[in-house]
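Please keep the sequence and the 3D view at hand while reading.

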Amino acid sequence: SALEAEVAALRKARIASLESELAALRQAETPAPAPPPEPVPQSPEAVAVADGFSSIVAHLETLPLNGSEKRQLAEGAKGVDKLKEKLTYGGVEADVVNACHQLCGAVFARDYATAASVQLALVNSHWSAHKDWLKGVKFLTQMAQKKM
């Protein structure tokens, strides 16, 4: 019938239109990816924090560890890597850097009560912005207390 022929013609026209739109979209240039963030100059405290946590990880890696401790150390090392990345690109506030500096100093002085107190204060006040590395730092603090 004439109506069926008209519907078929409309379908063909719509399909052709959609196919040409799709071809145009495929040919359109995709935007260039955003440039990577630029590293920022590091304060002496930030450098000391990165070096301090790295040396804690390195020391713990030399010790005999059971399976659970090895997993905790791996989480701690991952946390340190994330912290170092955030430090590199200016993603850590000065007060957090100072607290981390204090925490490292406490671990090296074997003052684990202070280290735990500083770590808890960081969690309580900065968890939402820094939870990606704070958990690992907690593991390192706990392992250091047991093993160092």
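## Basis and terms

A crossing of two helices is called left-handed if the near helix is turned anticlockwise from the far one by less than a right angle, and right-handed if clockwise. Helices (H or I, at least four residues) and strands (E, at least two) are DSSP runs, numbered from the N terminus.

This is a predicted model, in which local features need pLDDT of at least 70 and side-chain atom pairs count only at pLDDT 80 or more, while totals for chains, interfaces and linings use all residues. Residues are numbered from 1 along each chain as its sequence is written, and side-chain values use heavy atoms, with hydrogens and water left out.

## Helix H2 against H4

The crossing of H2 and H4 is left-handed. On the H2 side, the contact (heavy atoms within 4.5 Å) is made by Glu 45, Ala 46, Ala 48, Val 49, Gly 52, Phe 53, Ser 55 and Ile 56. H4 contributes Val 97, Asn 98, Cys 100, His 101, Leu 103, Cys 104, Val 107 and Phe 108. By type, the contact of H2 with H4 holds 11 nonpolar, 4 polar and 1 charged residues. Here Ala, Val, Leu, Ile, Met, Phe, Trp, Tyr, Cys and Pro count as nonpolar, Asp, Glu, Lys and Arg as charged, and the others, Gly among them, as polar.

The two helices H2 and H4 pack at an angle of about 40 degrees, and their axes are 9 Å apart. Axes are lines fitted to C-alpha atoms, for helices over the stretch in contact, and angles run from 0 to 180 degrees between N-to-C directions. H2 and H4 are therefore oblique to each other. Angles under 35 degrees count as roughly parallel, over 145 as roughly antiparallel, 65 to 115 as roughly perpendicular and the rest as oblique.

## Two antiparallel pairs

Helix H2 (residues 44-61) also packs against H3: their axes come within 10 Å and cross at roughly 165 degrees. H2 and H3 are therefore roughly antiparallel, and H2 passes H3 in a left-handed crossing. Among the residues that meet are Val 49, Phe 53 and Val 57 in H2, and Leu 73, Val 80 and Leu 87 in H3. The contact of H2 with H3 divides into 11 nonpolar, 1 polar and 2 charged residues.

Helix H4 (residues 94-108) packs with H5 at an angle of about 165 degrees, the axes being 8 Å apart. That makes H4 roughly antiparallel to H5. H4 passes H5 in a left-handed crossing. The residues that meet include Val 96, Cys 100 and Leu 103 in H4, and Tyr 112, Leu 122 and Trp 133 in H5. Their contact divides into 13 nonpolar, 6 polar and 1 charged residues.

Side chains of opposite charge can pair when their charged atoms come close. How many salt bridges does a search of the whole structure find? The search finds 4 salt bridges, each being a side-chain nitrogen of Lys or Arg within 4 Å of a carboxyl oxygen of Asp or Glu.

One of them joins the side chains of Lys 146 and Glu 69, at 3.5 Å from N to O. This pair links distant parts of the chain, with Lys 146 in helix H5 (residues 112-147) and Glu 69 in helix H3 (residues 67-88), 77 residues apart. Glu 69 also forms a salt bridge with Lys 147, with the closest N and O atoms 3.3 Å apart; these two residues are 78 residues apart. Glu 69 is buried, at a relative accessible area of 8%, whereas Lys 146 is exposed at 57% and Lys 147 partly exposed at 28%. Buried means under 20% relative accessible area, exposed over 50%, and partly exposed in between (1.4 Å probe, protein chains only).

Asp 132 forms a salt bridge with Lys 86, the closest N and O atoms lying 3.4 Å apart. Asp 132 is in H5 and Lys 86 in H3, 46 residues apart. Asp 132 is partly exposed, at 33% relative accessibility.

## Two single residues

Val 97 has its place in helix H4 and counts as buried, at 8% relative accessibility. Leaving aside neighbours within four places in sequence, Val 97 is in contact with Ser 43, Glu 45, Ala 46, Val 49, Leu 87 and Val 92. The C-alpha atoms of Val 97 and Ala 50 are separated by 9.7 Å, although the two residues are 47 residues apart along the chain.

Arg 110 is found in the loop between H4 and H5. Arg 110 is exposed, with a relative accessible area of 51%. The phi angle of Arg 110 is near 60 degrees, a positive value in a residue other than glycine.
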